[in-house]
Amino acid sequence: MLGIPFFLESGERVRVIDPGLLNRDAGPDFFNAKVRIDGKTWVGNIEIHMKASDWHRHGHSSNPAYDNVILHVVALSDTRISRSDGSEIPQMRVALPEDFYKTFAYLTSTNPEIRCARGLQGIDTLRRADWIETLTIERLQHKAARIEETLRKYNGDWNAACFMTLARALGFGLNGVPFEMLAESINLNHLRRHSDNIVQMEAIFFGQAGLLDPMTNMGDQRYQIMCREYQFLARKYSMRPIPRASWKFARTRPQNLPYRRIALLAKAMAETPDLLNRILRSDGDEEKLRELFKWQVDAYWSRRLTFGSDAQTEANPPSLSEGSINILLINVAAPLLYAYALLHSDHEMKETAMALLMGLPPEKNAILKTWQQLGFKAKDAGMSQALIHLRKEYCDKHECLRCRFGQHYLRNTAIDMMIPSRSEGVLMSVSEKETLTSPMS
C-alpha cells in the first residue's frame, strides 16, 4: 500500500512515502513520517482517529505536542481540525468496509465483557507473550508514576511515599482509597515520636480513621484507653479524622474488615520505620522481603476482628497470610524497587523488580478468572498483573484501538492496517529535487 495515492478532502493528491515510527506512548500515533501532497513532500507526524471530531475531544487542538502533525487520517469526517496556532491540518478520509464500522461499534460499546473475546484464540503464542510482557512493564510504570506523584507532593520524601504505598496496599482493593486517605491525614514526624507505644500508635491510626467514639464499647478497656489517648494527641497535633463513612463494611467478610489491617499498619510503622531502606537493600530476595511483612498484632487483636469486650471464640492468625504477603510484595515491594530504579537510572534494580514479580505466584480474583476462561491462565504474578492492567486500562476504558489484541481483532475482521508498517512494502525514495518541508520550519 505504500506509494498508493489517496486524496485529501480538499482534493489534493496524497502519497504516503514513509509511515514513520508507531508511537505507543502519549503524543501523535506515528512519528517522523513522510507524505507527498500535490508534489510537495512533508516531514512530520501522523495522527489517526475514527472520527475527525476526536481531535477536539482529546484536546489536541490546544496541545503543542500535536503542532507537528502533517496529516490527519480519519474514517468519519465530521469536522475540520487545526493546530494550536489555528493553522489547518491536511485531513484524509479512508473509506472502510461496513464490517469494520460494525466491529468498531461493538468494541467501543458499553458491553462489560471482553469485547474481542471471540478473536483471541487466533492470536499466536509469540504475539500474546510480547503484549503480555509489555503490559507487565506498563503496570509497573503505572504504579511507579503514582509513587512519583506522591514524591512530588511530599517534596521527595521517599519514606512518605513508602508509607502511602503500604497503606493503600493494605486496603487490598476494597478499602484502598480510605487507607490512602488515612495515611495522608497522618504526619510521619508526629507518628515517629510515639513509635515506642503501640497503644498510642493505634490511637492515632484508629482516631484518624474516624473509628473511635468514647460513647461506644464502654466495656472494652483497650478501646477506651485509645479514645482518651487520641483526644489528647488530636489536640496536641491539630489532627482531623477522615469521615467514618469512607470505609466499606457492607457485604464484607469479617476477616476483610479494616480494623486488624489498621492495627497491622500501626505495628508496621512502629517496628519498621526504615521499611523503604530495607526493601532497597533486599536485592529483590523474596525470603528477605517476606520477613519484612511478617508483622504480628498483639494478643488483643489476635482474639478480635473488631472492637468490643467479647473476644472471638477462636484465635485469629496474628500476622498476614502468605497470600496477603504475596499481594504486598506485588503492590509494595516491586513498585517501590521499580520507581526508585527509574528515578535513579538503575537498570539492574529495574530488572530485580521484574524478576521479583515473575517469581511470585499469580493473584486470584474475578478478573483473572475471566481471562482464564478465555485461554489466558496467568503463570506468575507478572502475567497476572499484565492481565489486570489489560482489563482496567484497555478493556474497561474502551482503548481497543490502542490494544494489540484489539488491533488484531479489527484487522482480521475487516481490513489490514490503514497505514502499513515498514516491513509491508519497499519505501519510495525522495528525489533530491523535492523539497522536504516541516510544518514547524
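The following legends describe close-up views of a predicted model.

**View 1. The largest nonpolar core and its most connected members.** The largest nonpolar core comprises 80 residues. Within this core, Phe205, Phe206, Ile279 and Phe293 touch the most other members. Helix α13 (residues 322-343) supplies the largest share of the core, with 12 residues. Another core, of 23 residues, lies apart from it and includes Ile132, Phe376, Leu387 and Tyr409.

**View 2. Surroundings of Phe206.** Phe206 is one of the residues that touch the most other members of the largest nonpolar core. With neighbours within four places in sequence set aside, the contacts of Phe206 are Leu211, Leu212, Met226, Tyr259, Ile262, Ala263, Trp301 and Phe307.

**View 3. Gln200 in helix α7.** Gln200 belongs to helix α7, which spans residues 198-208. Gln200 has a relative accessibility of 16% and therefore counts as buried, the limit being under 20%. The side chain of Gln200 forms a polar contact of 2.9 Å with the side chain of His194. Not counting residues up to four places away in sequence, Gln200 touches His194, Glu229 and Leu233.

**View 4. The buried residues of helix α5.** In helix α5 (residues 176-184), the buried residues are Gly176, Pro178, Phe179, Glu180, Leu182 and Ala183.

**View 5. The crossing of helices α15 and α16.** The axes of α15 and α16 (residues 381-395) come within 9 Å and cross at roughly 95°. The two helices are therefore roughly perpendicular, as angles of 65 to 115 degrees are classed in this way. On the α15 side, the contact is made by Ile367, Leu368, Thr370 and Trp371. On the α16 side, the contact involves Ser384, Leu387, Ile388, Leu390, Arg391, Lys392 and Cys395. By residue type, the contact of α15 with α16 divides into 7 nonpolar, 2 polar and 2 charged residues.

View 6. Gln372 is located in helix α15 (residues 366-373). The relative accessibility of Gln372 is 44%, so this residue counts as partly exposed.

How values were computed:
Residues numbered from 1 in each chain as written. Predicted model: local features only at pLDDT ≥ 70, side-chain atom pairs only at ≥ 80, totals over all residues. Heavy atoms only, no water. Core = buried A, V, L, I, M, F, W, Y, C linked by side-chain atoms within 4.5 Å. Buried < 20%, exposed > 50% of the residue type's maximum accessible area, 1.4 Å probe, protein only. Helix = DSSP H or I, 4+ residues; strand = E, 2+ residues; numbered from the N terminus. Contact = heavy atoms within 4.5 Å. Axes fitted to C-alpha atoms, helices over the stretch in contact; angles between N-to-C directions. Parallel < 35°, antiparallel > 145°, perpendicular 65-115°, else oblique. Nonpolar A, V, L, I, M, F, W, Y, C, P; charged D, E, K, R; others polar. Polar contact = N/O pair within 3.5 Å; in protein donor to acceptor, adjacent residues only side chain to side chain.
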